[in-house]
Amino acid sequence: MSVDVAQSLFWIVLAAAFAPILASTVPKRLVPEVVVLLVAGIVIGPFGFGIAEFSPGIDMLQELGLGLLFLLAGYELDQRELVGSGGRRAFITWICCLAIAFGATFGLAQVMTIRAEVATAIALTSTAIGTLLPILAERGLIETRLGKTILNHGAVGELCPVLAMAILLGVRDPAGSLLVLVVFGLAAVVVAMLPGRIGKPDSRLAGTIRRGADTTSQTQVRLTVLLLVGLVTLAATFQIDIIIGAFAAGFILRRTLPRGHEGLETKLAGLAFGLLIPVFFVTSGMNIDVESVLNRPLLLVLAIVMLLLVRGLPVFISTRFEKVDGARAFTVRQRTQIALYSTTGLPLIVAVTTVAVDAGPMTPSNASILVAAGAITVLILPLTATLLGRGEVEEPLPAER
């Protein structure tokens, strides 16, 4: 490792280590840690003090962090909810969001220079379920009707943009990308079937894996990393974005462990949130050109308004039609909360803009503005939704039998 790479890695890890400490100093943790990580990246990066820079080694850590972020996202999704009535309603809402986003971006392109209209439209429809989960858990909303609805919109708002990226931002035409995606999906299904074929619960192989789980072998963690890297490599071979491979790895891991696995989840969280995911967000912050953002404040405001109109407004309208025993399920205040939470979309905005900049159509300046808008949504919208919900008591849904 060269001196420059070592120094860059030191500053990145230092920023990652102090981010939760700095976030905890804010009363009631109103500033999410991910925002602190991005700001730290801005400070140490080439658009700040310039004490950390990119290199092939740093790029690899960033890619691994992105992969683990979406593996965990795929693992956390409740697949039953996705195929239920709430999931179907959330999917229809997302389709409306995408249509509005395309109309808005291509319409604006007639009067101003946008470029990368497709990537911009996809970014506007995303929801950061990974960022929302700890916030909802802290408020005790996970098992409530309000929380389930937020999670439905969040799950679809994370999965569908990823699929749209693969189809619309791929190196092929949309039809070719869709065909390749289907082939990749079939290959992923084959991979998903392997554990059941070669590792019966009472087999010697399964016993070896269980015995090595809490030793220096760490067999479960190593197999999970193999699953992630294997599907990411497969995705790269098919020339589709690695996010698809990482998401598929999360889905397969959940299928293999339908009831979860506390020990493995704890170890993966340590690996992901202890190093690789913070590195991803810090290095993403290093890409933000603050001067470009400050020089075009009206464009930043426009990006935030578009996020609210494209993602928040359709969610607000769709929740009006949810019924419970013939009556409306949510009040206007609750619908506003759901819409605000659903508009929180930083991680996928970072991912989409990273792909679009690497591919060429999106300028780093415009990517910086979109990422800054996403960071502001993470900072402001969950806080606003939390304040709206003060004084209301959400009853948990009855446990399923």
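Which residues in helix 2 meet A375, V378 and L379 in helix 18? In this predicted model, the helix 2 side of the contact is formed by V34, V35 and L38. By class, the contact holds six nonpolar residues.

Two packed helices are described by the angle between their axes and the distance between the axes. Here, helix 2 spans residues 33-44 and helix 18 spans residues 364-388. The two pack at an angle of about 145°. Their axes lie 9 Å apart. The crossing of helix 2 past helix 18 is left-handed.

Helix 2 itself has twelve residues. From first C-alpha to last, helix 2 reaches 17 Å, close to the 16 Å expected at 1.5 Å a residue. Helix 2 is mostly covered, with nine of its twelve residues buried. V34, V35 and L38, which meet helix 18, are among these buried residues.

Cysteine pairing was examined next. A search of the whole structure finds zero disulfides. A disulfide is a covalent bond between the sulfur atoms of two cysteines. For C96, the nearest cysteine sulfur is that of C97, 7.0 Å away. C96 is in no disulfide because a pair needs its sulfur atoms within 2.5 Å. C97 is likewise in no disulfide, and its nearest cysteine sulfur is that of C96. C96 is partly exposed, with a relative accessible area of 39%. C97 counts as buried, at 0% relative accessibility.

Definitions and conventions: Residues numbered from 1 in each chain as written. Predicted model: local features only at pLDDT ≥ 70, side-chain atom pairs only at ≥ 80, totals over all residues. Heavy atoms only, no water. Axes fitted to C-alpha atoms, helices over the stretch in contact; angles between N-to-C directions. Helix = DSSP H or I, 4+ residues; strand = E, 2+ residues; numbered from the N terminus. Left-handed = near helix turned anticlockwise from the far one by under 90°. Contact = heavy atoms within 4.5 Å. Nonpolar A, V, L, I, M, F, W, Y, C, P; charged D, E, K, R; others polar. Expected span 1.5 Å × (residues − 1). Buried < 20%, exposed > 50% of the residue type's maximum accessible area, 1.4 Å probe, protein only.
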